[in-house]
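Hi everyone, thanks for coming. Let me put the structure on the screen, and then we can walk through it together.

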Amino acid sequence: MRKVRYGSIIKVPFGPQHPALKEPENFMFEIDGDIVVGVHPRIGYNHRGIEKAFERRTYLQNIYLAERICGICSDAHTTCYTQAIENLLGVEAPPRARYIRVIIAELERIHSHGLWVGIAAHEIGFDTLFMYVWRDREVVMDLFETLSGNRVHYAMNTIGGVRRDIPADTVPKIKHGMDFLEKRLKYYLNVVQNEQTILKRTSGVGILKPKDAVELCAVGPTLRASGVKNDVRVDDPYAAYDEIPFNVVTHDGCDVLSRIIVRCEEMLESINIIRYALDHMPEGMIRVRVPMAVPPGETVSRVEAPRGELIHYAKSNGTTKPERYKVRSPTLGNIPALCKMLMGAHIADIPIVLAGIDPCFACMDRMTFIDDKTNKKWVWTMQQLRRKTRK
Amino acid sequence: MTTETFLIILQILVFPGAFFLFALAFLYEWVDRKVLARIQSRYGPLYTGPSGILQPLADFLKLLSKEDIVPMAADKILFTLAPVFYAVLPLTSLFIVPVASQKSLVMFEGDLIFVMFTSALMILTVFIAGYSSTSRFSLIGGVRAALQMIGFEIPISLAMIGPAIAAGSLSISNIVQWQQTSLQWTVWLQPIGFAVFVVCSLAEMEFVPFDIPEAETEIVAGWRTEFSGRKLALLRLGRDLELVLASALLTSLYLAGPQQVWLIPPVVTFMIKTAFVVLMFSLLRAIFARFRIDQMVSGMWKYLVPLAILQVILIQLGIGR
């Protein structure tokens, strides 16, 4: 940190409305000259009462609710949800369904990381790269449309398997798309590693040391870009990941550049996973029938979403509706690490560092009532929540 | 009123004066937007007029009719005057640059210095616009613009002086005449000066990689955040005129300006040359990321200032005149 002071510290607000943030969230920066000396995140602008809504709907309806937690990692949330409920029911998805889940999850990783690379380029003013990446990302979106009929909310997962099969005649289409994407991604990786203006803006910016990353509970590509090998797909395999060989991509640059490189290489790794899964997909049924009511119990389910480790917690009471449902999305895990990265950054670097964790604030916001003086906690009913939102 | 004064008034107001320059400004904004869009594999303006050629004019007229909001805390007089100055200054400079013939509308020995002076005034206007808005984003944008000027003002002046030394005159029209009579374009004689001029023009017009004062993702719209309605329309017009001015200056100082080639009138060659310069700007702004302000200023002083001085030394040694 710099010792020289340039006079008074000014407070610069970022958000809730700001062009660098695609979702409403507020960060109050204390700026000394051009350097950030204090960060105060204020989360909770996009609270949607989604956990409460879970308790009001049946398990089958909740699949579609889980899908709508996030628009970009919609499949990660349903995978996590269906896994949790399958755990409670004591059933397991058939092998073919598990492979289909892997294929959809990896396609989703490609489109999510592609989206992020575009946004990162936009944050540093490189709009041409932004347009190019998003144009090529359309290949994945079209594949999703072919596979599931939808571009964003694929609705592939269901409790006990998947809803749609991948027919044999679409396999060559997917492979063709993957070949095209591999070529393009290698080109972008080359651009990112060699274009001087990108290097100037990203290397050495937003440093997160491996020790800090682990201590502050960073997750996903943010953690892996600090050189820590951590991936739920390997550490706690789900779906068919235990049968598919792949590398966990890490990079020890600890800066924004290594976050870009990690995400680009992860996309290439995803392409290999999809190819392997398509070749080794077993024949058989794609779902098992499950009862409507779930026996009492509680469970935790983990998934490696594109942004990092996603945790769902479910508690059932023997009826057709869950008693309590809790979602911890990866962005929340990355917020403390984000504050660490932003300290000492230039004003001009704030957007790219902020975007560096691939924030998805809408998935993140939860609410709990605490009186900070008496430390009293309480819970609202759905009616009270509705009344509050209408005010 | 004699016919002569009537002709002069017509020249100033219509051709090659204000009306023609406005039309050229809108045309070049369209060229720039369209080319940039095509490079980025987008369509760009499409609906207003053939291939969206009237879009800049439509934007301008629409903004004129929009509500004009002045922030409560703003310095009203400066806030109102800044857009006017921003539009008028490049227009004034354009009267000095030859457009339709070898001679400009207004010419005197030393008008090159006047152009340098107005371009410095423009940045001052930007600073005042940012300062008078009393918004944090505007203030940061204004300060960044002023800082950026410290970076590019010296090399761009040196790059303007190069052709003047070669031609032995400080008048832009004389420099154009010298290039045409001696049958050599300065760009072939002083390529370093040309490159320095192009880079500094990008900074002057706040194009990527030097769009630091209005970096959208960092400080909203920079110094123009608080402007709306008529004021924003004037700012946009000023920006377009600045594009015409930069390309016209490059054309005059380095590409021999308006030339009569066989039956083609000088204004057509002028437009071809300036359009080429605009295309070059569009291409350059598409292929970079934005620099940080400290990187920009130190880069300018580390590389461009020595290069510009080197060019002047070379000219003094007799190479490139």
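Let's begin with chain B: it has 13 helices and 0 strands, where helices (H or I, at least four residues) and strands (E, at least two) are DSSP runs numbered from the N terminus. Do keep in mind that this is a predicted model, where local features need pLDDT of at least 70, side-chain atom pairs count only at pLDDT 80 or more, and totals for chains, interfaces and linings use all residues. Residues are numbered from 1 along each chain as its sequence is written, while chains are lettered from A and ligands numbered from 1 in the order in which they are written.

Buried residues make up 50% of the 321 residues in chain B; buried here means 20 or more other C-beta atoms within 10 Å of a residue's own, with C-beta atoms placed from the backbone. The C-alpha atoms of chain B fill a box of roughly 55 × 55 × 40 Å along the principal axes.

Now, how many residues of chain B are in contact with chain A? There are 23, and they meet 23 residues of chain A, counting a contact when C-beta atoms, placed from the backbone, lie within 7 Å. On that side of chain B, helix 6 (136-167), helix 10 (216-219) and helix 13 (293-316) each supply at least two residues. Helix 10 gives the most, with 3 residues.

Over in chain A, 3 strands form an open antiparallel sheet in the order 1-2-3, with strands paired if DSSP finds at least two bridges between them. Strand 2 (residues 26-32) is joined to strand 3 by 7 bridges, and A:Phe27 has A:Pro41 in strand 3 as its bridge partner.

Technical notes:
Contact = placed C-beta atoms within 7 Å. Buried ≥ 20, exposed ≤ 12 C-beta atoms within 10 Å, placed from the backbone.
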